[in-house]
Amino acid sequence: MSELLYAEDLVIGSEWDLGSCLVTEPEIIEFARQWDPQGFHVDPDIAAAGFFGGIIASGIHTMAIFQRLAVPAVFDRWATIAGRGMRDVRLLRPVRPGTTLTGTMIVDVVDLHRPDRARVEMTGRLVEDGGTVLEMTMEISARRR
């Protein structure tokens, strides 16, 4: 692993590639059975007859995929103290089985408001070939040097 990046090292406007994840139907159903057991997430017959015409991932699952990609690509590489919040979460398209999601994060704000830590705000996105499926603003606390 390369050297840990502190708040002073983060450049506003820099974009971080989070990598990709293939979303499978068994994964969608397994996640939803435990965390969001609505019929269109867990039952192919109910889903086929519903608005989306088939199984789709839960929005919570989509957010969890984003977090899974963000941890090794960004949060483990930055001097992250903890998450502070998420806002303006937008689920823009359904995530269907067989979709490959690719994540990015853009640094929007680095507020060096305290001698030992900073507030860092980022925009996170998950996209597929057809467009953006998730967009949100996140805020973390990061250590300063």
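**Notes on the fold and its core**

1. The chain has four helices and five strands; here helices (H or I, at least four residues) and strands (E, at least two) are DSSP runs, numbered from the N terminus. Read from the N terminus on, the order is β-α-α-α-α-β-β-β-β.

2. A word on the source: this is a predicted model, where local features need pLDDT of at least 70, side-chain atom pairs count only at pLDDT 80 or more, and totals for chains, interfaces and linings use all residues. Residues are numbered from 1 along each chain as its sequence is written, and side-chain values use heavy atoms, with hydrogens and water left out.

3. Along the principal axes, the C-alpha atoms fill a box of roughly 55 × 25 × 25 Å. Of the 145 residues, 39% are buried (under 20% relative accessible area, with a 1.4 Å probe and protein chains only).

4. Now look at the core. The largest nonpolar core holds 33 residues; such a core is a set of buried Ala, Val, Leu, Ile, Met, Phe, Trp, Tyr and Cys residues joined through side-chain atoms within 4.5 Å. Phe66, Trp78, Met105 and Val120 have the most contacts inside it. At least two core residues each come from S1 (15-23), H1 (25-35), H4 (59-75), S3 (99-111), S4 (117-128) and S5 (131-143). H4 gives the most, with seven residues.

5. Leaving out residues up to four places away in sequence, Trp78 touches Leu4, Leu5, Leu10, Trp16, Met105, Val107, Val120, Met122 and Ile140 (contact means heavy atoms within 4.5 Å).

Terms used:
Buried means under 20% relative accessible area, exposed over 50%, partly exposed in between (1.4 Å probe, protein chains only).
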